[in-house]
Amino acid sequence: MFRLDWFRKDPSEKYRMGCGSSFDASDGPRTVVVFGSTGLLGGAIARRLLQEPFLYKVRCVTRRSSGEKARELAEHGAVIVNADLGETKSLEKALEGADIMFLTTHYWEEKNKEKEVIKGLNAIDAAIQCGVKHIIFNGSENVKKIIGKECSHLDSKSAIEEYIREVVQLVGNTTGINFTILRLPFWLENFYSVFKPHKLKHAVYAVALPLEGSELDVMSVEDVGEIVASILRRPRQYYGKTLNLSVESLSMENIVDTFNRHFDNRKFTDPKIRIKDMEKFQFPGSKDLAAMFEFYQSGQAVRDIKLTRKLNPHALTFDRWLSENRDKVEEALREAN
């Protein structure tokens with residue numbers, strides 16, 4: 001990674017120039033900076049940590065501090081900070097005095113892998129500069145290395161992962177910085193957004209996932225909040241670890257049957273879509289999504305259900321999630337009409 005030369009000059013001096021962290025100096029709540037706090041993943045983590053104000057001061061980073069989601073977080077005790085992953089100075093301000101950073105980067109906003117990687121590196125650099133002691137990152141395997149096809153929204157996160165490991169190896173002894181990587185499976189929330197069932201005819205819907213006989217690891221993004229809270233209760237146990245998360249593995253038969261049980265006024269079917277079909281779709285990102293599913297089919301996306309349930313014993317199965325989120329799925333189905 002090109003930025004390592006910057007640290008090799010004198011990492012100890014670089015750290016002495018930092019913003020400073022209260023991790024070792026304070027007996028009070030730890031300050032956690034959450035990126036993506038107005039999105040699904042960051043929002044789930046921020047909301048969970050805000051439930052324990054005696055343990056955490058939650059600082060939510062957003063570019064839209066006047067938005068409804070930011071206001072809701074503020075009402076629950078969050079400090080809202082305006083910052084942009086593309087602006088280093090704003091990141092240093094957001095991370096000043098912080099103990100912990102949760103970082104997730106967003107490919108789909110600009111659909112540009114290089115920009116996503118640069119923004120992720122900006123946040124890591126700022127965390128080092130400010131003396132943040134624990135980085136938790138939403139990462140990924142390198143799909144291109146595994147299946148030989150580009151998967152921009154996952155390969156970008158793999159590149160940021162690699163940078164985190166290299167930086168911590170280089171400056172960790174000097175700065176005391178540590179990291180934990182989370183690798184998440186297919187989000188159940190996709191069923192009312194990107195992969196909502198599409199209407200074939202009156203009351204008949206297709207669940208179009210190219211599994212081709214394989215199983216899909218899934219979990220609700222909302223359950224990641226409790227997982228992060230569990231990590232922070234015993235952080236040393238998870239320093240330097242990559243946590244491969246999943247609540248359960250589902251076949252297309254499982255998925256379709258569950259939809260049909262919960263919506264007896266509709267019929268759901270499996271159109272048996274294939275990877276090569278998805279590659280031909282014309283919507284932006286279709287090839288990246290096809291590569292993602294090919295990676296899932298490869299058996300190389302290893303996930304640990306036992307560990308996930310240890311970290312969050314109450315994580316929802318698809319059946320329970322669909323029961324609790326029926327209204328959201330119902331609304332998505334109406335929009336599909």
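**Stop 1: the three-stranded sheet**

Select S7, S10 and S12. These 3 strands form an open sheet in the order S7-S10-S12, with mixed pairing. Strand S7 (186–187) and strand S12 (248–250) stand at the edges with a single partner strand each, so one side of each has no neighbour in the sheet. Strands here are DSSP E runs of at least two residues, helices are H or I runs of at least four, and both are numbered from the N terminus. Two strands pair if DSSP finds at least two bridges between them.

This is a predicted model: local features need pLDDT of at least 70, side-chain atom pairs count only at pLDDT 80 or more, and totals for chains, interfaces and linings use all residues. Residues are numbered from 1 along each chain as its sequence is written, and side-chain values use heavy atoms, with hydrogens and water left out.

Now zoom in on S7 and strand S10 (residues 216–219). They pair in the parallel sense over 2 bridges. Pick Phe186: opposite stands Val218 in S10.

**Stop 2: strands S1 and S2**

Select strand S1 (residues 30–34) and S2. The two run parallel, joined by 5 bridges. Val34 stands opposite Cys60 in S2. Then colour strand S2 (residues 56–62) by accessibility. Of its 7 residues, 6 are buried, so S2 is largely enclosed by the rest of the structure. Buried means under 20% relative accessible area, exposed over 50%, and partly exposed in between (1.4 Å probe, protein chains only).

**Stop 3: Cys130**

Go to the loop between helix H6 (113–129) and strand S5 (134–139); Cys130 is there. Cys130 is buried, at a relative accessible area of 0%.

**Stop 4: salt bridges**

The structure holds 22 salt bridges. A salt bridge is a side-chain nitrogen of Lys or Arg within 4 Å of a carboxyl oxygen of Asp or Glu.

Start with Lys115 and Glu110. Their closest N and O atoms are 3.4 Å apart. Lys115 is partly exposed at 41% relative accessibility. Glu110 is partly exposed too, at 38%.

Next, select Arg183 and Glu141. This salt bridge has its closest N and O atoms 3.8 Å apart. Arg183 lies in strand S6 (residues 178–183) and Glu141 in the loop between S5 and helix H7 (143–147), so the pair ties together parts that are 42 residues apart in sequence. Both Arg183 and Glu141 are buried.

Then move to Asp270 and Lys272. Their side chains meet in a salt bridge at 3.7 Å, N to O. Asp270 is partly exposed, at 26% relative accessible area. Lys272 is exposed, at 62%.

**Stop 5: a positive patch**

Show the surface, then select Arg234, Lys241, Lys306 and Lys310. They form a positive surface patch. Patches are made of residues with over 30% relative accessible area and no salt bridge; like charges are joined within 9 Å, and nonpolar side chains (Val, Leu, Ile, Met, Phe, Trp, Tyr) within 5 Å. Finish on Arg234. It sits in the loop between helix H9 (224–233) and strand S11 (241–244). Arg234 is exposed, with a relative accessible area of 52%.

Key
Areas by Shrake-Rupley, 256 points an atom, 1.4 Å probe, with all protein chains shown as cover. Lys, Arg positive; Asp, Glu negative; His and termini not counted. Charge placed at Lys NZ, Arg CZ, Asp CG, Glu CD.
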